[in-house]
Amino acid sequence: MLEPHRAGRLLWPAERLRETALEIRRDLITLLIQAQSGHTGGSLSVADFGTALFFHELNLDPRDPAWPDRDFWHFSIGHVTPVIYSLMAERGYFPLTDLMQFRTFAGHLQGHPSRHDTVGIEVSSGSLGQGLSVCSGVAMAARIDRHPRRVYCVMGDGEQQEGQVWEAAMFAGHRRLDNLCAVVDYNRKQIDGDVEDICGIRPLADKWRAFRWNAIEVEGHDLDRILAAFAAARACRGQPTVILAHTVMGKGVSFMEDDHRWHGKPPRPAEGERALAELGTTFAEWSARLLAGRGNAR
Ligand SMILES: Cc1ncc(C[n+]2csc(CCOP(=O)(O)OP(=O)(O)O)c2C)c(N)n1
């Protein structure tokens, strides 16, 4: 049986990850319709490599989030909580039904990740640019402790404009932190438009290489290639790895794709139904599934 709440790396194959990523997209659209608040576009662009992270790559125990042997994962793009919480719920950190309380005061799933509210969130985030510093520190500490944990940091492409990213990059490259893997959601959009129009980041791979990183470019919705990139990062010695995942903002919902206006708004109920129809379900069906708590005991 493939039990998502099992401790350790799940190592699910790409085919199973594709099915799970579809469910993650249904989850996050449903919780956004329910909350009528939150970030849709980046959540959809992260869904595929996020699923690979949680259901193949990461060594963790969702029932014991403080498990000393765990890998460390951190979303520096804290605004993509719809996908973060969907991944966590499907992996078994908390019941699926909790997703229906996204962004409510009564719930534990706030708009940005808070370590004080949500079990399993190691470090609060939302202020862009800080996550790679956190992760570099954790990776350095693991090396000092001779602990085999790996450290994964998810960043945005707009976030690459933050100076602090490059301070951390310089440190991790200098220290040859090969237990550190960053993933950039390279969807070419940010809150106000095209990244290249606002403050260009090209050539991004060359920049990372100049900071002594192993830079891998990958089609960010191709799960076979994503798994190969994670495997290459794991095999790399003497350098941290950055995976530049070329994605599409709003991926999976035709009228949201490649449109920065979906960065930070939820679908209105009618738009949400159209989105869920494209994903093969309805709000009534999928919210009932979440409220019944089904899914994370497959
Ligand atoms: C330090 C800081 N400045 C500004 C913001 C506001 N903000 C939130 S998301 C965002 C755009 C980020 O772009 P990107 O990393 O490409 O994420 P995406 O739009 O793809 O979700 C901005 C400017 C913030 N959260 N933190």
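Trainee: Which polar backbone atom is 2.9 Å from an oxygen atom of the ligand?

Mentor: A polar contact is a pair of N or O atoms within 3.5 Å. In this predicted model, a polar backbone atom of Lys189 is 2.9 Å from an oxygen atom of the ligand. The protein covers 77% of the 590 Å² of accessible area that the ligand has on its own.

Trainee: Which polar side-chain atoms lie 2.7 Å from an oxygen atom of the ligand?

Mentor: One belongs to His79, at 2.7 Å from a ligand oxygen. Another belongs to Asp157, and there too the distance to an oxygen atom of the ligand is 2.7 Å.

Trainee: How many residues surround the ligand, and of which classes are they?

Mentor: The ligand is surrounded by 16 residues, the closest being His79, Gly126, Asp157, Asn187 and His263. By class, this shell has nine polar, four charged and three nonpolar residues. The largest pocket is the space that the ligand takes.

Trainee: Where do the side chains of Arg188 and Asp258 belong in the account of salt bridges?

Mentor: A salt bridge requires a side-chain nitrogen of Lys or Arg within 4 Å of a carboxyl oxygen of Asp or Glu. Arg188 and Asp258 form such a pair, with 3.1 Å from N to O. The two residues are 70 residues apart and link distant parts of the chain: Arg188 is in the loop between strands E3 (180–186) and E4 (189–190), and Asp258 is in the loop between strand E7 (241–246) and helix H9 (269–278). The count of salt bridges comes to 14.

Trainee: What should be noted about the backbone at Gln36 and at Pro203?

Mentor: Most residues other than glycine have a negative phi, and most peptide bonds are trans. Gln36, which is not a glycine, has a positive phi of about 55°; Gln36 lies in the loop between helix H1 (14–35) and helix H2 (41–57). The peptide bond from Arg202 to Pro203 is cis, its omega being near -5°. Pro203 is found in the loop between helix H6 (195–199) and helix H7 (204–210).

Key
Residues numbered from 1 in each chain as written. Predicted model: local features only at pLDDT ≥ 70, side-chain atom pairs only at ≥ 80, totals over all residues. Heavy atoms only, no water. Near = heavy atom within 4 Å. Polar contact = N/O pair within 3.5 Å; in protein donor to acceptor, adjacent residues only side chain to side chain. Areas by Shrake-Rupley, 256 points an atom, 1.4 Å probe, with all protein chains shown as cover. 1 Å grid on protein atoms, 1.4 Å probe; cavity = no way out; pocket = protein on both sides within 12 Å on 5 of 7 lines; lining within 4 Å. Sits in = over half its atoms within 2 Å of the grid points. Nonpolar A, V, L, I, M, F, W, Y, C, P; charged D, E, K, R; others polar. Helix = DSSP H or I, 4+ residues; strand = E, 2+ residues; numbered from the N terminus.
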